[in-house]
Protein chains: 2
Amino acid sequence: METWLTQPDLDDLDVGTVLQALADPTRLRIVRLLGQVEESTCTALDLPVKVSTVSHHVNILRQSGVVSTRLDGTARPSRLRRADLERRFPGLLDSILHATPPRAADQPATSDVSGA
Amino acid sequence: METWLTQPDLDDLDVGTVLQALADPTRLRIVRLLGQVEESTCTALDLPVKVSTVSHHVNILRQSGVVSTRLDGTARPSRLRRADLERRFPGLLDSILHATPPRAADQPATSDVSGA
DNA sequence: CGATAGTTACGACGACCATCGTAATAGATT
DNA sequence: AATCTATTACGATGGTCGTCGTAACTATCG
């Protein structure tokens, strides 16, 4: 029998909460990494922050409904809730995972005006 | 000839920046409202914050590429960049606009464990 | 030209939160 | 049981940002 950390039910997921979870750069990186490896622990994720911080972010991701965490001995591997998110917010996760990086160019100031 | 406030080019849109823009509750409300009325000014949006704050949020939405703003006399009506966002991040905006509210129920604490 | 109304610019303040260091917990191994 | 390793819990701190009040700006109207 597998044991999991408690997570919000499918119908309780809030799009605003999910967006807040995905808004942080570090958490977005975590989501992208989990999109490639299917399952990973906090220490296995290669991130420029301390493990305690990674654990904090994974908690937020789980509480918002983005990932689910399994108990495997001393390890707590997490994975994306792909199917759940797809049912609740169709297209949201895929649009983020498939997003291409922006064209690396300096953008003009947006406070000015331009004729069209 | 219509005049518009400058906005980031399509290829310069960054999904992280867009997610940060959409993460704020007030900005998410603005996006939802613009999803219904097709075009609106800051004062026309019915929001529980001061107009100067609404203007601030609309600026962030425009700088992130979510909305575009037109100059019409003294008014500056903004609208969603639906087509652009759909081309850059297919499915992202629609998944947010079509998201249903969560089932209003108290969720259990997520720090505990549950057998499966 | 003067007045009015809508919008934005500018500081300033306060709250939230990402990050860290350390300590505590729990399972695995010998 | 003792030790080791992985993970989390706990404060604490510093920076970011949402919000506001006011002033400046711009276009329309009389």
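How far is a phosphate oxygen of DNA strand C from an N or O atom in the side chain of B:Thr41? The distance is 3.4 Å. This is a predicted model, in which local features need pLDDT of at least 70, side-chain atom pairs count only at pLDDT 80 or more, and totals for chains, interfaces and linings use all residues. Residues are numbered from 1 along each chain as its sequence is written, chains are lettered from A and ligands numbered from 1 in the order in which they are written, and side-chain values use heavy atoms, with hydrogens and water left out.

Chain A contains five helices and four strands. Helices (H or I, at least four residues) and strands (E, at least two) are DSSP runs, numbered from the N terminus. From that end, the elements of chain A follow the order β-α-α-α-β-β-α-α-β. The chain has 116 residues, of which 44% count as buried. Buried means under 20% relative accessible area, exposed means over 50%, and partly exposed lies in between (1.4 Å probe, protein chains only).

DNA strand C has 21 residues around it. A:Lys50, A:His57, B:Thr41, B:Thr43 and B:Ser55 come nearest. A residue is near a strand if one of its heavy atoms lies within 4 Å of it. Sugar and phosphate make up 83% of the atoms of DNA strand C that come within 4 Å of the protein. Polar contacts are pairs of N or O atoms within 3.5 Å; within protein, one must be able to donate a hydrogen and the other to accept it, and residues adjacent in sequence count only if both atoms are side-chain atoms. A polar side-chain atom of A:His57 lies 2.2 Å from a phosphate oxygen of DNA strand C. H2 and H3 of chain A, together with H3 of chain B, each give two or more residues to the surface near DNA strand C. H3(A) provides the largest share, five residues. By residue class, this surface has four nonpolar, 13 polar and four charged members. Here Ala, Val, Leu, Ile, Met, Phe, Trp, Tyr, Cys and Pro count as nonpolar, Asp, Glu, Lys and Arg as charged, and the others, Gly among them, as polar.

DNA strand D also has 21 residues around it. A:Thr41, A:Thr43, A:Ser55, B:Lys50 and B:His57 come nearest. Of the atoms of DNA strand D within 4 Å of the protein, 84% belong to sugar and phosphate. B:His57 places a polar side-chain atom 2.3 Å from a phosphate oxygen of DNA strand D. Helix H3 (51-64) of chain A, with helix H2 (25-37) and helix H3 (51-64) of chain B, each supply at least two residues of the surface near DNA strand D. The largest share, five residues, comes from H3(B). This surface divides into four nonpolar, 13 polar and four charged residues.

The largest nonpolar core has 54 residues. Such a core is a set of buried Ala, Val, Leu, Ile, Met, Phe, Trp, Tyr and Cys residues joined through side-chain atoms within 4.5 Å. A:Val66 and B:Val66 touch the most other members. Not counting residues up to four places away in sequence, A:Val66 touches A:Val18, A:Leu22, A:Val31, A:Leu61, A:Arg79, A:Leu80, A:Arg81 and A:Leu85.

Nine salt bridges occur over all chains. Each is a side-chain nitrogen of Lys or Arg within 4 Å of a carboxyl oxygen of Asp or Glu. A:Arg70 pairs with A:Glu2, the closest N and O atoms being 3.6 Å apart. The two lie 68 residues apart, A:Arg70 in strand E2 (residues 67-71) and A:Glu2 in the segment before strand E1 (3-5) of chain A. A:Arg70 is buried at 12% relative accessibility, whereas A:Glu2 is partly exposed at 41%. A:Glu2, A:Glu39, A:Arg70 and A:Arg79 are linked in a network of salt bridges. A:Arg81 and A:Asp84 also form a salt bridge, at 3.0 Å from N to O. A:Arg81 is buried at 6% relative accessibility, and A:Asp84 is partly exposed at 26%. In chain B, B:Asp84 and B:Arg81 form a salt bridge, with closest N and O atoms 3.0 Å apart.

Note on methods: Contact = heavy atoms within 4.5 Å.
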